[in-house]
Amino acid sequence: MFKDAVAKLVLLGMMYVTFMGCASCASSTALFGPGNLFRDKRRSFIKIDIYKNIQVAKTSTSSASLNSEEYEIDLRSSASGFIVGHDRDVSLVGTSAHVCSILFGNQINYFVPDYSPINPQWKLTEKAAYILSDYKGRRYAAIPITFDFEADICILGTKKIPLPAFKISKNKPLIGEKYYNIAAPMGLWSPKMIPLFEGFYLGSMRIRNERKSSYVFSIPTKGGSSGSPIINSYGEVVAAIHSAYRGFENLCMATSNKEIYLIYRKSMNLLLKDYDKYEMIIDLINN
């Protein structure tokens with residue numbers, strides 16, 4: 001009887017240790033479902049508001065000092081982003097490259113159809129302000145650190161955001177597995193309400209010659225979703241949405257985790273090399 005009592009006591013102790021061990025890792029696994037995961041990871045989501053002034057001019061064929069065409073365009077848009085890292089008093093936020101610059105793709109041609117970047121007669125000046133909002137509603141001004149137009153990914157730098165960064169997954173998503181997207185489509189966002197979507201990974205494809213191959217997910221996507229993170233059941237970023245499939249918005253195209261990691265490392269290296277310069281500029285725009 002004594003041996004049975006001891007055995008039961010040992011068994012109960014093992015069960016307690018096992019339960020406590022699992023509870024301690026619940027925040028990084030899917031043991032308690034996507035709700036627990038979302039409540040934790042939404043802290044690292046960033047809403048982005050972009051204000052741009054674009055000036056475009058075409059010089060005259062008869063005189064280089066005269067313009068035959070002139071345009072001034074004021075744009076306001078919104079997008080999504082996510083914290084990818086911190087270095088001292090600077091935070092890095094990932095989003096899509098076309099969010100950071102109208103020079104990506106053919107965006108400018110929606111406003112100036114004849115504009116061509118390879119025609120030396122055309123001159124374009126782009127001034128932009130990027131305002132980031134975290135899930136508590138705090139606002140930060142940011143500057144671009146680096147771009148990868150082929151992968152449609154950009155890293156913005158801002159003053160320290162006192163919230164955790166996402167971990168970038170080392171593993172590719174698996175076809176047929178479910179993934180989650182935290183986004184602000186059409187600017188739909190508030191500190192008390194951040195949209196969450198889900199869908200399946202379908203594979204990868206190349207949509208244009210000038211772009212790298214993109215991941216494809218069955219996740220609803222609208223304007224404003226650009227730059228939003230797609231995460232796995234462990235809360236790691238596996239992709240970042242850059243566009244919807246034209247005419248079918250329940251499919252999205254996304255930058256791969258590999259490309260996100262590469263531009264993150266490039267940005268960190270630039271920041272480490274010229275930290276004082278970046279910190280000074282970021283301090284100026286935030287004061």
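Modeller: Partly exposed means a relative accessible area between the buried limit, under 20%, and the exposed limit, over 50%. The model here is predicted.

Biologist: Why does Arg-88 count as partly exposed?

Modeller: Arg-88 has 47% relative accessibility. Buried needs under 20%, exposed needs over 50%, and partly exposed lies in between. Therefore Arg-88 counts as partly exposed.

Biologist: Where does Arg-88 sit, and what is its phi?

Modeller: Arg-88 lies in the loop between β2 (67-87) and β3 (90-95). Its phi is positive, about 55°, although Arg-88 is not a glycine.

Biologist: What makes Asp-152 buried?

Modeller: Its relative accessibility is 0%. The cut-off for buried is under 20%, so Asp-152 counts as buried.

Biologist: Which loop holds Asp-152, and what is its phi?

Modeller: Asp-152 is placed in the loop between β5 (139-148) and β6 (153-159). Phi of Asp-152 is near 55°, a positive value in a residue other than glycine.

Biologist: How many cavities of 30 Å³ or more does the structure hold?

Modeller: One. The largest cavity has a volume of about 30 Å³.

Biologist: What makes a space a cavity?

Modeller: A 1.4 Å probe fits there but cannot get out.

Biologist: Which residues line the largest cavity?

Modeller: The lining is Glu-150, Ala-151, Lys-212, Ser-213, Ser-214, His-242, Thr-255, Ser-256 and Glu-259.

Biologist: How does that lining divide by class?

Modeller: One residue is nonpolar, five are polar and three are charged. Ala counts as nonpolar, while Glu and Lys count as charged.

Methods
Residues are numbered from 1 along each chain as its sequence is written. This is a predicted model: local features need pLDDT of at least 70, side-chain atom pairs count only at pLDDT 80 or more; totals for chains, interfaces and linings use all residues. Side-chain values use heavy atoms; hydrogens and water are left out. Helices (H or I, at least four residues) and strands (E, at least two) are DSSP runs, numbered from the N terminus. Buried means under 20% relative accessible area, exposed over 50%, partly exposed in between (1.4 Å probe, protein chains only). On a 1 Å grid over the protein atoms alone, a cavity is a set of points where a 1.4 Å probe fits but cannot get out, and a pocket is an open set with protein on both sides within 12 Å along at least five of seven lines; lining residues have an atom within 4 Å of a point. Grid points are joined across faces, edges and corners, and a volume is the space filled by probe spheres set on the points.
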